[in-house]
Amino acid sequence: MSGSDLFQICLYLAVLLACVVPVGAYMARVLDGSLTFLGPMERLFYRVSGVDPAAPMTWTAYAGVLLWFNLAGTLAVYGILRVQHLLPLNPQSFGPVDPHTAFNIAISFATNTNWQNYGGETTLSYLTQMLALTVQNFVSAASGIAVLAALARGLAAKNSTSIGNFWADLTRTTLYLLLPLSIGLALLLVGQGVIQNFDSYVPVAGTQQVIPMGPVASQVAIKQLGTNGGGFFNVNSAHPFENPTPVSNFLQVISILLIPAALCYTFGKLVNDKRQGWALLAAMLIIFVPLVFLEAQFEQGNLEGKEVRFGTANSAVWAVATTAASNGSVNSMHDSFTPLGGLIPLFLMQLGEVVFGGVGSGLYGMVIFAIIAVFLAGLMVGRTPEYLGKKIEAFEMKMASLVILMPPVSVLLGTAITVTAPMGLAGLQDRGPHGFSEILYAFSSMGNNNGSAFGGYGANNPLVNSLGGVAMFLGRYWVAWPVLAIAGSLAKKKTVPVGPGTLPTHTPLFTGLLVGAVLLVGMLAFIPALALGPVVEALQ
Amino acid sequence: MSALSDPTIVGGACWEAVKKLDPRHQAKNPVMFVVLVGSVFTTVLGIQALGGHGEAAPSFILGISVWLWFTVLFGNFAEAMAEGRGKAQADTLRKSRRDVQARKLTQPKYGSPFTVVAGADLQRGDVVVVDAGEYIPMDGEVIEGAASVDESAITGESAPVIRESGGDRSSVTGGTRVLSDWLVIRVTAEAGQSFLERMIAMVEGAQRQKTPNEIALNILLAALTIVFLMATATLLPFSIFAVNEAGRGQPVTVTVLVALLVCLIPTTIGALLSAIGIAGMDRMLQANVLAMSGRAVEAAGDVDVLLLDKTGTITLGNRQATAFVPASGVTEVQLADAAQLASLADETPEGRSVVVLAKERFQIRERDLQALGAHFVAFTARTRMSGVDVEGRQIRKGAADSIGAHVEARGGSFPPDIRQAVESIARQGGTPLVVADGSRVLGVIHLKDIVKGGIKERFAELRRAGIKTIMITGDNPLTAAAIAAEAGVDDYLAEATPERKLQLIRERQAEGRLVAMTGDGTNDAPALAQADVAVAMNTGTQAAKEAGNMVDLDSNPTKLIEIVQIGKQMLMTRGALTTFSTANDVAKYFAIIPAAFAATYPELGALNVMHLASPESAILSAVIFNALIIVALIPLALRGIQYRPVPAAELLQRHLLIYGVGGVLLPFAGIKLIDSFLSLMGWV
């Protein structure tokens, strides 16, 4: 690895970590309700929608409202996609989107997956991009953070039935956090040359080619900050209008992990023990950092499918960041990576998107793993396990089991059905183990709400669209629902005081155990599938 | 003696293991049920292969099949072994549950007319009379009479005990025998609910319900099983795709998939899980503690506050007089003489020690009270003094405040130097006993509590393991503080009353702590019922025994510490074997994956890091290892992991190293060894 590559990777990690405390502390104030400078606007939203932001919600109420709200969003997106030809801001006069494609897109954006089975610049009108997709980019991200806040409240509460109010969490996260950050980032990106207009596509004189236009910057900003990842253009952040310069690249790749990393600190603040947040962040970094360096090593000298303005190091960092977080935007084509270079993004998604993961959702997934690790550790020291003073009992284990069950089931089943169906195999560009990797990647991405594509696989067919739609839905709510159930159950419990018999969960020992649990569960479920894909390809 | 070396238990367990193949029994354990289904499945495939239409060589399929059956049998065997000792004990107990004729009294009074009824027909509230040589028909409360009773059938202790009406020794157990005199008993239990019957059920494990932690662990194991079921089931379509793409080899066989599945699912812990639970109950029984539920045993491991009675647990039962502190104007000899006179009729150990001290110090000989015409004044709860009226003197001894009230009522006063001496004795952990003659205070006797040897170290160990000890005593706060300091307990409750005990337990529980206590008296019953782990002494009253969730047949209050350790052992053994079981999977993948795809993707042979002889031998070796490791771990499951009183983090580090890292490494060596052996014998 060259010195400049090393420097770029270290600079990235340093800037990212420097942001953790300020952003994390700010988010804690957003979520605990102590920030009020936008009070009038906030109250206006509540009054217009007729909700009481102070009304306490039980976990079932919270989960119910979350589900209905996201379902309404899904239907709205589906509706707009189906009638976009009747709506304004459609200079290229795109027709309505296929029902199965629209079904997949709608679930994809409401679940924060942002898997794209369409080309943005050849399918969607400007209004669709803004009103359907960008709106979901904001609220799906805010929904993830809201669930995390509810879980943190469940852990901090004593003998309480309430885990907060979903409407307040949603509104405050959007208003105080996502909107200001997105506006700032969009302006910076416009400064670097990212376009923002409603113009018609520009024909290139003397050729058949047209240059697509559109309100790009406003969508790119939230796509990165909200771990959405759905690009305005088909090639996502490899497109020069989405990501024109190394500086815009740096800003975007920082934005991918900014909120997921800082939320660890926020979590520590919310549960009144900052060390717990640091321990979770450390566990994520222990998996993330070595993989960044390995990826850069594997991709060194392989420029196929990469943009020369970013080079291999920046492409490697991006690939690891975007799959560690459930972002899924790309600045290079993962299909063209070396077999082992492709294995790392694939594996990171299969870990269940808990190494950073989606905003909110990654961390609540990691907390579930912490609960499982604490359960095993508790047994090993001869005591009913506790996490943050809350006893972990049969109900919590039942819910945690549901969470770890989902990714393997949906990813493996989806892949298995697709590789046996002629329709599933029709869109395959490569044969052999690489072709298998392409399908496995597609379902790993959808089942874990990542949304990145390996490329090379034409997934826009009714089979993959519907299987994938179901996988994305389950990947999101089959996890969020049990997490909220755990939050509700823990909130009701009393807090056990810390003593010498208590197993501390902020120590390097526990962090190591947590890393081990994440890797072991991910590895054991996917070793056979990985062996038949990237591993055999690497050995060939 | 270890059950493993007892041939009758081992022999019985072998037969039990076969009987437990009943699918209804296996269905209770999801992990082992999957293995059973796999065994049946491969057997069918093997028979099919014998007919010439098999997916692989019949020897290979049947070889796998046989070892899968062994895997199930080994699990059953472990459970049967754990039950073995309890079964033998239950048989002995059952013999003492005989059908006796009871003499039911028409009036609750000795000598009233009776009818003869079968013991089994007695109802709660009936009154019976039992004479010497007869068996007590049912659990009950003595309402009249006193007798010596042989309780060896239940406690194993051959010395007879006294049972009498009133007080804390009034409870009798059905199946025990009256040796002398007679008893009138009010029946407190109905047929089928007696202590003996509950004991038999517990010992046999017939009523064994899964404990909360076991349920939680079972859920996790079931989830892992589903994950592995997915991982192996989807391998079939994956391999069909791979064969089509590569254009060579055969899709992976169902036999190999079943073998892989059984190797991956947590069979080690699945097979041993119920044995660990039963063995935990059994260890309690060996310690002569009868737990009324497995839940209580498990809760014992979680206890973080122990309430211990001072007397008998922390200190030797008897306080001893060690010094006489005379008031000004009184000589030590005068005080000793009066103190001895007041104590002559006092048969308590404290009273005896006063007499002895006076004799040792000043050669004051015991006098014959009757010859002196003395009148003994007994201790009552109201006066809280005792003493003697002799030769016109009224000598009294008692607590400082009661003697103070006594002399002031007679126009005397309590001298300040004595008040000071009282406080100083109390501060040193002694009990001051003030002696007065009429209205004049003569001085103080210093009664000292003797703290048991080694108890301080024991408490320090507990503290390191995160368990706090609270001493319960009726002493005044000063005395209690001094003894608490000497014994090294974390806290104390002085001047304890049943209400204050109950309140203390509630307070600690509200803080989120789990409280354990021992008790024997009826006034302990509310606190016992409130405590999370409540150990009633077998010598205690029926009320205490019913309120507790464990009964200590030895009636030894220090037993609580042992109970906590047994509870912890049970959890630790489960945790360690779960970790071990899961960690084992890494090596099994390395053995089976290259073997399963050897024909389609020979490149995967690079993952055959153990250099196993052939694909068949690799798969068979993994399956054999998986079965044998269950047998190898049976002794550990029955014995439990040794408990060390060290901080949680230290314990975790140790167990992660042994069972986590060891669990990853051991199967590499084990599978290689089996593979070498198989190829050496030319069997593969």
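Predicted model: local features only at pLDDT ≥ 70, side-chain atom pairs only at ≥ 80, totals over all residues.
**View 1. The interface between chain B and chain A.** In this view, 59 residues of chain B are in contact with 57 residues of chain A. About 5,000 Å² is buried between the two chains, and carbon and sulfur atoms give 78% of that area. F238(B), F241(B) and L652(B) supply 14% of the area that chain B buries against chain A, more than any other three residues.

View 2. Two salt bridges are counted between chain B and chain A. R383(A) forms a salt bridge with D304(B), and the closest N and O atoms are 3.6 Å apart.

**View 3. The side of chain B that touches chain A.** The elements that give two or more residues to this side include helix 8 (235-246), helix 23 (559-583) and helix 26 (648-680) of chain B. Helix 7 of chain B gives the most, with 13 residues. By residue class, this side of chain B divides into 36 nonpolar, 13 polar and 10 charged residues.

**View 4. The largest nonpolar core and the surroundings of Y387(A).** The largest nonpolar core has 298 residues, and those with the most contacts inside it are F267(A), F288(A), F356(A) and Y387(A). Leaving aside neighbours within four places in sequence, Y387(A) is in contact with residues including L155(A), F267(A), Q276(A), I392(A) and T505(A).

Note on methods
Residues numbered from 1 in each chain as written. Chains lettered and ligands numbered in written order. Heavy atoms only, no water. Contact = heavy atoms within 4.5 Å. Buried area = accessible area lost by both parts, 1.4 Å probe. Salt bridge = Lys/Arg side-chain N within 4 Å of Asp/Glu carboxyl O. Helix = DSSP H or I, 4+ residues; strand = E, 2+ residues; numbered from the N terminus. Nonpolar A, V, L, I, M, F, W, Y, C, P; charged D, E, K, R; others polar. Core = buried A, V, L, I, M, F, W, Y, C linked by side-chain atoms within 4.5 Å. Buried < 20%, exposed > 50% of the residue type's maximum accessible area, 1.4 Å probe, protein only.
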